[in-house]
Amino acid sequence: MPSSLSMSRNLKSGSTLLLVAGALALSACASKAPKELPPEPGPARTTTQPDSGEALGPRPGSQADFAAQMMGDDTIYFDTDKYDIDAMDQQALAKQAQWLMTYPEKRATIEGHADERGTREYNLALGERRANSAKNYLISLGVAASRLTTLSYGKERPVALGSNEQAWAQNRRAVTVTID
Amino acid sequence: MKTLSALALGLLLCASGPALAQSSGTFTPEITAPTQEAQESDGLEVTVSDDSDWQDLGIAITTFTTDADVPTQTTAGTTGQLGHAISQVVASDLKNNGLFKPSGPDGLPRPTFGEVSAPNYRLWSGNGADMLVQGYVHAGNDGTLTVGCYLYDVALGQPLEKGGWKVAPSDWRRAGHKCADMVYSRLSGESPFFDSRIAYIAETGSKDHRMKRLAVMDSDGANHRYLTSGQAMALTPRYSPDYSKILYLSYLNGQPSVYAYDLTTNSQKLIFRTTNPTMAPRWSPDGKWVLFSMSQGGRTDIYRITSAGGGTPERLTNGPGINIGGSYSPDGSKIVFESDRSGSQQVYVMNADGTNQKRISFFGGRSATPEWSPRGDLIAFTHIAGNLRVAVMSPAGRNMRYLTDSWQDEAPTWSPNGRIVQFFRTQRGSGEATIWQVDLTGRNERKLPTPVGASDPAWGPIRR
């Protein structure tokens, strides 16, 4: 579902070209997105060459680039039932804001989550509240509110699958996902 | 688009059954063939909360007989085979809910058609039966089926109650539920509840990629159907009081949003168009109002809108924090809901217009998902203190007591007569969810038969 979701977002924001470019960048691994459209089907051989070197990494400004640059700081964590932004969260969000300022065209969705040890409906609201905390902090750092949306999954999308304190701590989170 | 067409297909399949019965309007008790006036006698003075005596009541449920063993359009076979199947529905309804310990129909003598209205009392008292249920099936020329159901007091040697129902072939199980309801009501003095349906969320797949689909079933788990394809996550359904619609939350648009799913037109629409997430839908008892909760800027509040659609939602709560859910008192004058304005989830009551909001839960821990009993006397809720457990309290917040004791039980829903509570239980580790029910003693607990994992049960009213 997340993929179809971000797909519709892309179409909505009119960045179809970017999406195509992003897909090409993965196969061509060019450091700059090619400006031309994909080749016509036919004798062209470029599409069947996914090998021109893997060392260059993700295309700057892409979600893959964001995730790689953040090195885990695309996610902030919360205490049980809490939604406040602590010092560690602030560092992570500052790093996110810096990236978002570098790519002012980029929009992002902040996905809020809760652990499994709460009731379903409350956790939906709690996830929303956590995502909103992260959003507000990013706005305070200068990211335009219009670039940020929130989305709560409550307790429905755990990342750690255990039923213990450690897993629950990992699941009480807000994840920033930039929109390619 | 793909999602929508799949939805429509699922609906076409599911709509035919209930639609037939409701539109033809034939599901009314009628006095049928063998006549014998039911005599007034006092019902047994018992309640579910004190069931030790009447569980020992010997109720013999015999195979329903027929005037002519002819083929039917049901999956059960001929009228004779159908009679056996219907009596099995009656027996399992009464048995599975921990209300009685009935015997039969297997292993009991089979009454003749003539004996249905003139029981062999001596035979049954010799078998140790206190009560006797007999019945018959008659096939009409138009394919409809007439089912008669008779309850006798063997010790007194007299009839207690009888009923007859004309059903479409696809609805034959309802005749069994109606008969079980008749027996249950007559012997307990309580309102019926077997002939009712349950909406819930069917769950499949691993814990991190679980598919959640809207599904419905009869109160005993039969006639199960999926209503959505699973491409968009569905949560928290609620049947409308007339069974024509289901409110539920879907991620169809990306944001969690409340939809009204129309079971007669096989379509759904947003109850309120907004970019904010909407959740926790509820009906008013008369079906005229819908409550939903909407998040905005991190806050969540409860709103009221007409179920007909249109109009501006009226906000009933005004923060701070998360105010969510809401369950009307049976007379529609009050709403019990959940709020963390005090710092943690607690249960509050307000007037239906949002005035006079008062906290009623003071039990330590957190209290969530309150649901007002259709009888009005109790509020069921989830109590969180380490584990999640289902509990009940009075509408004033007194006499709190647990009904369940497990690792994670949540989201109670009441049987139409307010005597049984269903909820869902999550297994530690796997996260697998199953629907359970428990009576008000907390002693008679059982798992509902569902084809896959199941959560968020929502019990509808008794069917007319």
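Mentor: Start in chain B. The hairpin of β17(B) and β18(B) has five residues between the strands, and there Gly332(B) takes a positive phi near 80°. Keep in mind that this is a predicted model.
Trainee: How many bridges pair β17(B) with β18(B)?
Mentor: Four, in the antiparallel sense. Ser327(B), for one, stands opposite Val336(B) in β18(B).
Trainee: And which way does β19(B) run against β18(B), parallel or antiparallel?
Mentor: Antiparallel, with six bridges joining β18(B) to β19(B). Glu338(B) has Val347(B) in β19(B) as its bridge partner. Six residues lie between these strands in the hairpin, and Gly343(B) takes a positive phi near 120° there.
Trainee: Why is β18(B) largely enclosed?
Mentor: Five of its six residues are buried, so the rest of the structure largely encloses β18(B).
Trainee: New topic. At what angle do the axes of α4(A) and α5(A) cross?
Mentor: Roughly 60°, and the axes come within 9 Å. The two helices are therefore oblique to each other. The crossing is right-handed.
Trainee: Which residues of α4(A) meet α5(A)?
Mentor: Leu93(A), Gln96(A) and Ala97(A). In α5(A) they meet Ala134(A), Tyr137(A) and Leu138(A). By class, that contact has five nonpolar residues, one polar and no charged.
Trainee: What about the two chains? How many residues of each are in contact?
Mentor: 24 residues of chain A contact 33 residues of chain B. On chain A's side, α1, α5 and β3 each supply at least two residues.
Trainee: Which element gives the most to that side?
Mentor: α5(A), with ten residues. By class, that side of chain A has ten nonpolar, six polar and eight charged residues.

Key
Residues numbered from 1 in each chain as written. Chains lettered and ligands numbered in written order. Predicted model: local features only at pLDDT ≥ 70, side-chain atom pairs only at ≥ 80, totals over all residues. Contact = placed C-beta atoms within 7 Å. Nonpolar A, V, L, I, M, F, W, Y, C, P; charged D, E, K, R; others polar. Axes fitted to C-alpha atoms, helices over the stretch in contact; angles between N-to-C directions. Parallel < 35°, antiparallel > 145°, perpendicular 65-115°, else oblique. Left-handed = near helix turned anticlockwise from the far one by under 90°. Buried ≥ 20, exposed ≤ 12 C-beta atoms within 10 Å, placed from the backbone. Pairing = 2+ DSSP bridges.
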